[in-house]
Amino acid sequence: GYDDGSGMIDPNTGMPIAAGADGNKELDSEICSKMLKFPGTWRCSDCAYESKNKNNLYEHIECRHVNHPGYICQFCSKTIASRNSLRNHIIRMHKNSNKPGFAPMLA
């Protein structure tokens, strides 16, 4: 089963509850500590990446600069680097899959 330390899954989506809303507070805190706000842009403190969109920077940091095992697709067992990327993978690759009790797992 899925276990991020909190064990909390959104019953409406089958996805982990958003970071910061539950036991993902440590991951969320680490990611946010690497996000720098400048007028009109967000910058990564670990590299030269920047974006006008805060969510894009958040996903960049989650994928590239924090140590976590990723998320396993319940449909094909592929390991995906971020929650958002997993959600997009499932939509693109498994849109016709209806697996009862779907819940992504940490790798």
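## Basis of the model

Because the model is predicted, local features need pLDDT of at least 70 and side-chain atom pairs count only at pLDDT 80 or more, whereas totals for chains, interfaces and linings use all residues. Residues are numbered from 1 along each chain as its sequence is written, and side-chain values use heavy atoms, with hydrogens and water left out.

## Two packed helices

Helix α2 (residues 54-64) and helix α3 (residues 83-93) pack at an angle of about 95°, their axes lying 9 Å apart. The two helices are therefore roughly perpendicular to each other, a label given to angles of 65 to 115 degrees.

Where they touch (contact means heavy atoms within 4.5 Å), Y58, E59, E62 and C63 of α2 meet R83, N84 and S85 of α3. By class, this contact has two nonpolar, two polar and three charged residues.

## Salt bridges

The whole structure holds three salt bridges, each a side-chain nitrogen of Lys or Arg within 4 Å of a carboxyl oxygen of Asp or Glu. One of them joins R83 and E62, whose closest N and O atoms are 3.6 Å apart; R83 lies in helix α3 and E62 in helix α2, so the pair ties together parts that are 21 residues apart in sequence. Both R83 and E62 are buried, meaning under 20% relative accessible area, while exposed means over 50% and partly exposed in between (1.4 Å probe, protein chains only).

K34 and D46 also form a salt bridge (2.9 Å, N to O); K34 is buried at 15% relative accessible area, whereas D46 is partly exposed at 38%.

Conventions:
Axes are lines fitted to C-alpha atoms, for helices over the stretch in contact, and angles run from 0 to 180 degrees between N-to-C directions. Helices (H or I, at least four residues) and strands (E, at least two) are DSSP runs, numbered from the N terminus. Angles under 35 degrees count as roughly parallel, over 145 as roughly antiparallel, 65 to 115 as roughly perpendicular and the rest as oblique. Ala, Val, Leu, Ile, Met, Phe, Trp, Tyr, Cys and Pro count as nonpolar, Asp, Glu, Lys and Arg as charged, and the others, Gly among them, as polar.
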